[in-house]
Amino acid sequence: MVSTLTWVLAGLVAYSFVAMLLRARGVVPEYIRFTGPITTLHTQRGKEFLDWLARPKRFWRAWGNLGVGIALVVMAGSFLLVAVGAVQAILDPQPSALNEPRNALAIPGVNDFLPLSVAPEIVLGLALGLIVHEGGHGLLCRVEDIDIKSMGLAMLAVIPIGAFVEPDEEKLLKSDRGAQTRMYAAGVTNNFALAFVALVLLFGPVAGAISVVDGVPVGGTLEGTPAATAGLDSGDVITAVDGVSVENARDLEAVLAANDNETVSVARRGGETVTVDRAVVVASAVQSSQLRNGDTITAVNGTAVTTQSQFERAARNTTVATLQTQGGESVTMPLGSYVLVAEDGALAAAGGPAGESMVLTALDGQRIHDSEALLSALDETQPGDQVSVTGYVDGERRTYEVTLGSSDGSDNGILGINALAGVSGVSVNDFGIDEYPAATFLSFIGGETDDPTADRGFSFAQRVFGVLILPFIGVAGGFGYNFAGFTGIATNFYTVQGPLAALGTGGVFLLANALFWTGWINVVIGQFNCVPTFPLDGGHILRTTTESFVSRLPIPDRRRLTTAVTLTVTLSMIGGLILMVFGPRLFA
């Protein structure tokens with residue numbers, strides 16, 4: 001099947017060919033110009049408005065000076081970000097969806113993280129960003145008495161991608177460096193200001209009007225598990241199990257743990273009640289395990305098990321067990337905590353398998369059947385304690401006498417291991433839903449939630465950073481889901497309350513999405529334009545600030561040094577950006 005990106009590229013080539021043909025025949029007005037697939041619309045309108053707006057020049061110069069300070073700080077951060085990213089792409093290339101070349105394009109439907117469902121909100125945020133960005137350049141041109149030749153809109157074919165203000169080059173070069181720097185910094189300053197306003201509104205009244213519905217939001221079901229077989233699906237909200245209400249995932253876990261029924265009735269918000277036939281399904285297993293993802297364990301040492309609680313009780317009562325699976329296979333294995341032994345830890349010093357794995361089954365005579373039991377037992381120890389550790393290495397039972405170490409961040413004894421969750425490196429599930437982190441996502445943007453697992457202590461700066469990474473957080477933060485706003489299945493997990501409820505659920509979600517993406521894309525536009533490379537604003541600011549610094553040096557050829565500095569930084573940044581996008585696949 002032809003990819004979306006291929007269709008887009010083919011369309012751009014066709015558009016460029018048609019545009020050149022129309023230009024050659026003279027049927028295109030003079031104010032429309034083509035450069036390949038880039039179309040620019042030029043106009044003289046708006047100059048009078050800018051002249052009127054520029055009258056309080058002292059205020060706008062102060063605003064421009066503030067913007068210069070902000071731009072210089074962001075430029076330094078952008079330089080470090082690109083430099084570190086480029087070096088990491090060479091030394092530790094890790095190809096992922098984050099550095100897919102197509103995901104460098106902020107085009108909904110092409111970029112994997114920008115869904116088509118929020119394309120209108122993204123385009124709105126982009127349009128507002130372009131207006132304030134180029135409007136800032138135009139305004140400061142008039143404040144500094146620099147003439148404007150033309151203004152207009154730049155489009156990729158027919159999609160707006162930028163706006164422009166074309167200053168009079170002669171007047172621009174005759175203006176002082178401070179005026180030039182303020183003019184170049186005005187665009188990114190306005191982008192950051194627009195993002196600030198949008199996010200203040202989002203973090204305040206809008207997110208405050210949104211709350212998570214009662215119940216457990218289902219992001220998806222694990223393949224082959226009872227929930228998937230019963231028909232529970234992405235977007236469902238579980239409200240009760242066997243008549244017992246559940247408000248969040250903790251409630252659901254507690255209800256299932258206290259209920260050993262092989263079959264449970266599950267109520268869904270706004271949907272039919274379904275019956276789930278529970279079974280112990282392997283959700284994950286280490287590579288060395290004899291069990292595989294999706295295996296269903298039916299018995300432990302001949303005792304039937306259908307729930308996770310039954311399996312854990314059976315595992316607690318035996319050190320080595322034979323597990324029967326639904327496929328008729330029998331697997332004999334030690335049951336304990338699967339650990340990786342640190343090469344420089346206390347267990348390795350006592351003769352443990354340094355750098356290798358083992359299944360730890362007892363600590364000082366106390367039965368250890370899983371990782372939680374091991375961590376709980378270690379919490380009762382102190383550094384310097386002498387303990388006996390029993391476990392299995394390559395199927396052979398071994399015992400070590402270990403003197404526990406210490407750590408600055410812990411009061412208990414340190415064994416020198418990394419324990420993997422589950423029993424013997426195997427995690428099981430008798431239900432099989434994957435919870436959608438609705439409360440966590442809402443807490444990122446300032447919403448109130450009763451979920452005890454959601455963090456409410458985010459500062460404004462942390463929330464801004466959260467907005468930037470939320471569209472990618474499923475990959476970058478290990479959440480399993482990206483948050484593109486209140487769209488798709490997410491609309492099932494939230495409700496609206498308070499005065500804004502008069503707008504309706506759809507109206508509030510639309511407003512929240514518009515603010516979210518306006519804030520997001522304007523921070524991105526501002527930061528990207530601060531990369532110190534031509535033709536971006538950061539490159540022009542680099543030149544003017546370098547000229548200002550070099551002019552104070554007692555050297556004969558200041559212009560050559562300025563050129564050398566700006567050219568070196570520009571080429572470094574272009575090379576760094578290319579490495580960040582293409583390096584992980586070239587060097588992997």
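Student: Is Asp251 buried, partly exposed or exposed?

Tutor: Relative accessible area sorts residues into buried (under 20%), exposed (over 50%) and partly exposed in between, with a 1.4 Å probe and protein chains only. At 29%, Asp251 is partly exposed. A word on the source: this is a predicted model, where local features need pLDDT of at least 70 and side-chain atom pairs count only at pLDDT 80 or more, while totals for chains, interfaces and linings use all residues. Residues are numbered from 1 along each chain as its sequence is written, and side-chain values use heavy atoms, with hydrogens and water left out.

Student: Where does Asp251 sit in the secondary structure?

Tutor: Helices (H or I, at least four residues) and strands (E, at least two) are DSSP runs, numbered from the N terminus. Asp251 belongs to helix 8. Its C-alpha is 9.5 Å from that of Ala240, eleven residues away in sequence. The chain as a whole has 17 helices and 26 strands, and 46% of its 588 residues are buried.

Student: Which elements give two or more residues to the lining of the second largest pocket?

Tutor: First, the idea: on a 1 Å grid over the protein atoms alone, a pocket is an open set of points with protein on both sides within 12 Å along at least five of seven lines, and lining residues have an atom within 4 Å of a point. Grid points are joined across faces, edges and corners, and the volume is the space filled by probe spheres set on them. Here that volume is about 920 Å³. Of the 31 lining residues, Glu253, Gln308, Glu312, Val428 and Asn429 are the closest to the centre. The elements you asked for are helices 8 (249-257), 9 (308-316) and 11 (371-378), with strands 24 (426-429) and 25 (433-435).

Student: How many nonpolar, polar and charged residues are in that lining?

Tutor: Ala, Val, Leu, Ile, Met, Phe, Trp, Tyr, Cys and Pro count as nonpolar, Asp, Glu, Lys and Arg as charged, and the others, Gly among them, as polar. The second largest pocket has 14 nonpolar, eight polar and nine charged lining residues.

Student: What lies at Leu202 in helix 6?

Tutor: A bend is the angle between axes fitted to the seven residues ending at a residue and the seven starting there. At Leu202 there is a kink of about 40°, shortly before Pro205. As for span, the expected value is 1.5 Å times one less than the number of residues. Helix 6 (177-208), with 32 residues, reaches 45 Å from first to last C-alpha, close to the expected 46 Å.

Student: Which polar contacts does Thr318 make?

Tutor: A polar contact is a pair of N or O atoms within 3.5 Å; within protein, one must be able to donate a hydrogen and the other to accept it, and residues adjacent in sequence count only if both atoms are side-chain atoms. The Thr318 side chain contacts the side chain of Asn301 (3.5 Å), and a polar atom of the Thr318 side chain lies 2.9 Å from the backbone oxygen of Val320. Thr318 counts as buried because its relative accessibility is 15%.

How values were computed: On a 1 Å grid over the protein atoms alone, a cavity is a set of points where a 1.4 Å probe fits but cannot get out, and a pocket is an open set with protein on both sides within 12 Å along at least five of seven lines; lining residues have an atom within 4 Å of a point.
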